[in-house]
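Reader: I am new to this structure. Please show me how to read its features, one at a time.

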Protein chains: 2
Amino acid sequence: MDISPDHPRYKSLVIREKMSKLSDQGIVARTGLIAHGRGEAFDYLIGEKTTPAAKHAEEAIAAYLLEAQNPVITINGNAAALCAEELLKLASEVGAKVEVNIFHWSSERLEKLVSYLETFGNFEILGRNQNAVLENIASDRARCCREGIYSADVVLIPLEDGDRAKALKIAGKTVLAIDLNPLSRTSVESDATAVDEITRAVPNIRQAVKDLKDDQKRRREIISAFDNRSNLNESVNCIKDNLTQQQIF
Amino acid sequence: MDISPDHPRYKSLVIREKMSKLSDQGIVARTGLIAHGRGEAFDYLIGEKTTPAAKHAEEAIAAYLLEAQNPVITINGNAAALCAEELLKLASEVGAKVEVNIFHWSSERLEKLVSYLETFGNFEILGRNQNAVLENIASDRARCCREGIYSADVVLIPLEDGDRAKALKIAGKTVLAIDLNPLSRTSVESDATAVDEITRAVPNIRQAVKDLKDDQKRRREIISAFDNRSNLNESVNCIKDNLTQQQIF
């Protein structure tokens, strides 16, 4: 489909076409397209820009990643489709491992996704050899790698489902999320949630990593001052304000 | 995928699986899945139930359909996947024609969709022979049938895009919509918009048709009293109230 760059929703339409194509290639699950649509609606409600609350959470995420002993960034089909290269760069900048972790499990999709991520350069992608299981979550989604998620102290889980976020918390990990719904279980369960669109959030986190790389004192101050629930509250207020502003009649 | 009926989002997950399957069959467009996800997010925000405002709009839609000289109900891929049988029953109860009208046009998808609707019984489905064009809209989406949309005085357009809603208004038609986003262009352009999930909205409209069938006076009172913008405002307020209620922290 031809999309005119003048269209009011040009960027969103181009991303939709890309997601559709990657769904045909088996990278994005069919129901991943539905999940993307949910995200789109929340992005529309937060104003399709990084809010001050999100910026603040993105700094906290950068601080947590830099303070971690053994950080892991998980990538599922939607995160790969939307933001693979940026996520891989972030991982190498903070020394995090990368592990593929999918909601709709099949060995074929797992292999496709690992191979897809390997096309972006010389990154080690965990996920082919899932030799451990998380507790407190149903079987397929419990699978993970011993040297990755299983032994991580800090995990960044972009676009993750609530069950897995909760299981990771119960397993004692610091959980960092990128999620456009400030009221989702993932958002609420996590230690720091960026309520922001992933292609805006990850470059912001990378910038914060640069700013905080050599300043451990400030990182620890940011972490100690950060309150995820009050930050989520700010995002909800932002949605309510946007709705009020659009009530022009 | 096995989904437990105990899952808090069981109904929504079952519908997602159905939409995915119909997407594989070519009934639902890939980007239709994304649009469905957007709707899901708004349904979550309005509380996944018919609000008093929606109920009121559904009555107005029933009244408009019964008062029409030549009503048409349009059905696209998502509307067919979610609600084909109910829409066809509504059409026969109000004497409306049914016309297939898709956003991602291809003669193959059009044929698939018409054939799919024909499996529901002895209904005449317009759309194979698109022999007219609407003005004020880009080429593919302008196509319609002379004996259907083109000559209708009242059109019910469930889950329709804003460009087409606007083109139908400019063409002088009374436009009735079912749309979960109270701020969408479709919602705002239409004469009556039910901000409700389609599988709840259509049975409610059918019930209102039964109630109003023999009461022209009441129908005309409902139409003359109905103010779509103030009704949409009520739906936006309902979303804001729901957000506030969920801000428990």
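**Reading the model**

Author: Start with a loop. E48(B) lies between α2 (30-46) and α3 (52-67) of chain B. Helices (H or I, at least four residues) and strands (E, at least two) are DSSP runs, numbered from the N terminus.

Reader: What should I know about the model itself?

Author: This is a predicted model, where local features need pLDDT of at least 70, side-chain atom pairs count only at pLDDT 80 or more, and totals for chains, interfaces and linings use all residues. Residues are numbered from 1 along each chain as its sequence is written, chains are lettered from A and ligands numbered from 1 in the order in which they are written, and side-chain values use heavy atoms, without hydrogens and water.

Reader: Back to E48(B). What is its phi?

Author: First the general idea. Most residues other than glycine have a negative phi. Now the case. E48(B) is not a glycine, yet its phi is positive, about 55 degrees.

Reader: Which loop holds L159(A)?

Author: The one between β6 and α7 (162-170) of chain A. L159(A) is not a glycine either, and has a positive phi of about 55 degrees.

Reader: How do I read burial?

Author: By relative accessible area. Buried means under 20%, exposed over 50%, and partly exposed in between (1.4 Å probe, protein chains only). E48(B) has 38%, so it is partly exposed. L159(A) has 29%, so it is partly exposed too.

Reader: Is E40(A) buried or exposed?

Author: Buried, because its relative accessible area is 8%. E40(A) sits in helix α2 (residues 30-46) of chain A.

Reader: Which residues does E40(A) touch?

Author: Contact means heavy atoms within 4.5 Å. Leaving out residues up to four places away in sequence, E40(A) touches S12(A), R16(A), I34(B) and R38(B).

Reader: Now the whole of chain A. How many helices and strands does it have?

Author: Eleven helices and eight strands. Its radius of gyration is 18 Å, close to the 18 Å that the globule rule gives for 249 residues, so chain A is as compact as a globular protein of that length. The radius is taken over C-alpha atoms, and the rule is 2.2 Å times the number of residues to the power 0.38. Along its principal axes, the C-alpha trace spans about 55 × 45 × 35 Å.

Reader: What share of chain A is buried?

Author: 58% of the 249 residues. Take contacts with a separation of 6 or more: 65% of them link residues 24 or more positions apart.

Reader: How do I read a sheet?

Author: By its pairs. Two strands pair if DSSP finds at least two bridges between them. In chain B, six strands make an open sheet, ordered β3-β2-β1-β6-β7-β8, with parallel pairing. β3 (125-126) and β8 (192-194) of chain B have a single partner strand each, so one side of each lacks a neighbour in the sheet.

Reader: What is the strand order in the chain A sheet?

Author: β3-β2-β1-β6-β7-β8, again open and parallel. Its edge strands are β3 (125-126) and β8 (192-194) of chain A.

Reader: How many bridges join β6 and β7 in chain B?

Author: Five, and the strands run parallel. V155(B) has V175(B) as its bridge partner. I157(B) is paired with A177(B). Strand β1 (residues 71-75) of chain B joins β6(B) through three bridges, also parallel. There P71(B) stands opposite V154(B).

Reader: Which way do the side chains of β6(B) point?

Author: In a regular strand the side chains alternate between the two faces of the sheet. V154(B), L156(B) and P158(B) point one way, V155(B) and I157(B) the other, and all are buried. Next, strand β7 (residues 174-178) of chain B is mostly covered, with four of its five residues buried.
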